[in-house]
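Subject: Structure for your files

Dear colleague,

Here is the structure I promised to hand over. My notes on it follow below.

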Amino acid sequence: MTLSLRLRAAIVSIALLAAFLGAWHLATRGSGATANMSPEYARLMGLTATQGKSAMPGPLDVGAKLWEHLKRPFYDNGPNDKGLGIQLAYSIWRVGLGYLIAVIVAIPLGFMIGMSPLISKALDPFIQLLKPISPLAWMPLALYTIKDSSISAIFVIFICSVWPMLLNTAFGVASVRKEWINVARTLEVGTIRRAFTVILPAAAPTILTGMRISIGIAWLVIVAAEMLVGGIGIGYFVWNEWNNLSITNVIIAILLIGLVGMLLDQVLARFTRMVTFPE
């Protein structure tokens, strides 16, 4: 019996994961080599020197710690000790708000750029100048003018999300087949109605592709932004746990960042498939 491609891919993925976890476990096993030292020096050196245990946690250590977090995801023991559920919720809220503002700005503006060669040429120098600027380069200016670290992080998410959506929307609108637009004009369909009934459905897959790229970039940037602004969020959690030398929590945060990023991407990918039709 021939196995389907999806089933074979799943088997290969599981095998690769098992190989990775096995290699990780072997690489982080205790060496067994210990040294005699004073109690004070032993406390400084940690388990690596006193018990021969690797400083890097193994998959079993990470799994046990992850289970502890999952049992209490929303605990709150003060400013620097909150559950991972709270940290992720703050990050997702910041990304969602900054991304939503970018959608409100980028898609109508992209429509105007795509439909009007005059506006396209007039705005092109500004877009080409602003687009290459790293979103984090705006952070000092945002902190100085807004004077609120959380809103500054949302502003940075807006900045990094707006360009892929704007450019993809403009490209998608400008690429709509001229025959369809001419037919609409022949039928005396007005500009607004033409934009919603002809151009938007035709450009929707390209617009959704830009939105999908933007959400990926936004989720990448929020981690770095929260490391800078502090407070609450998965990025600050990573930085705080690094300062506490809790590599296990850092690894758990990395895994959760990847998982949430994958889920956000899959949601936009599903929307893209819903608006894509063969011609």
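Over the ring of which residue does the charged end of Lys147 sit? That ring belongs to Tyr144, and the charged end of Lys147 is 4.8 Å from its centre. A charge is taken to sit over a ring if NZ of Lys or CZ of Arg is within 6 Å of the ring centre and within 35 degrees of the ring normal.

Before the rest, some notes on the source. This is a predicted model, in which local features need pLDDT of at least 70 and side-chain atom pairs count only at pLDDT 80 or more, while totals for chains, interfaces and linings use all residues. Residues are numbered from 1 along each chain as its sequence is written, and side-chain values use heavy atoms, with hydrogens and water left out.

Overall, the protein chain has 12 helices and zero strands. Helices (H or I, at least four residues) and strands (E, at least two) are DSSP runs, numbered from the N terminus. Of the 279 residues, 37% count as buried; buried means under 20% relative accessible area, exposed over 50%, and partly exposed in between (1.4 Å probe, protein chains only). The chain exposes about 17,000 Å², and carbon and sulfur atoms supply 69% of that area. Accessible areas come from the Shrake-Rupley method with a 1.4 Å probe, and for residues only the protein chains shown count as cover. Among contacts with a separation of 6 or more, 69% are between residues 24 or more positions apart, a contact being heavy atoms within 4.5 Å.

Next, the aromatic rings. Rings of Phe, Tyr and Trp (its six-membered ring) pair if their centres lie within 6.5 Å; planes under 30 degrees apart count as stacked, over 60 as edge-to-face and the rest as tilted. By this rule there are three aromatic pairs. In one of them, Phe20 and Trp24, the centres are 5.9 Å apart and the planes stand at 45 degrees, so the pair is tilted. Phe20 and Trp24 are four residues apart in helix 1 (residues 5-27), which separates them by about one helical turn. Trp24 is buried, at 16% relative accessibility.

Trp138 and Phe155 make an edge-to-face pair, with 6.4 Å from centre to centre and 80 degrees between the planes. This pair links distant parts of the chain, 17 residues apart: Trp138 is in the loop between helix 6 (117-130) and helix 7 (139-146), and Phe155 is in helix 8 (residues 149-174). Trp138 is partly exposed at 21% relative accessibility, and Phe155 is partly exposed at 27%. Ring pairs join Trp138, Phe155 and Phe158 into a cluster.

Glu188 is not a glycine, yet has a positive phi of about 60 degrees. Glu188 is in the loop between helix 9 (178-186) and helix 10 (191-229) and is exposed, at 73% relative accessibility. Leu245, also not a glycine, has a positive phi of about 55 degrees. Leu245 lies in the loop between helix 11 (234-243) and helix 12 and is exposed, with a relative accessible area of 63%.

Finally, Arg270 is in helix 12 (residues 247-274) and is exposed, at 55% relative accessible area.

Regards
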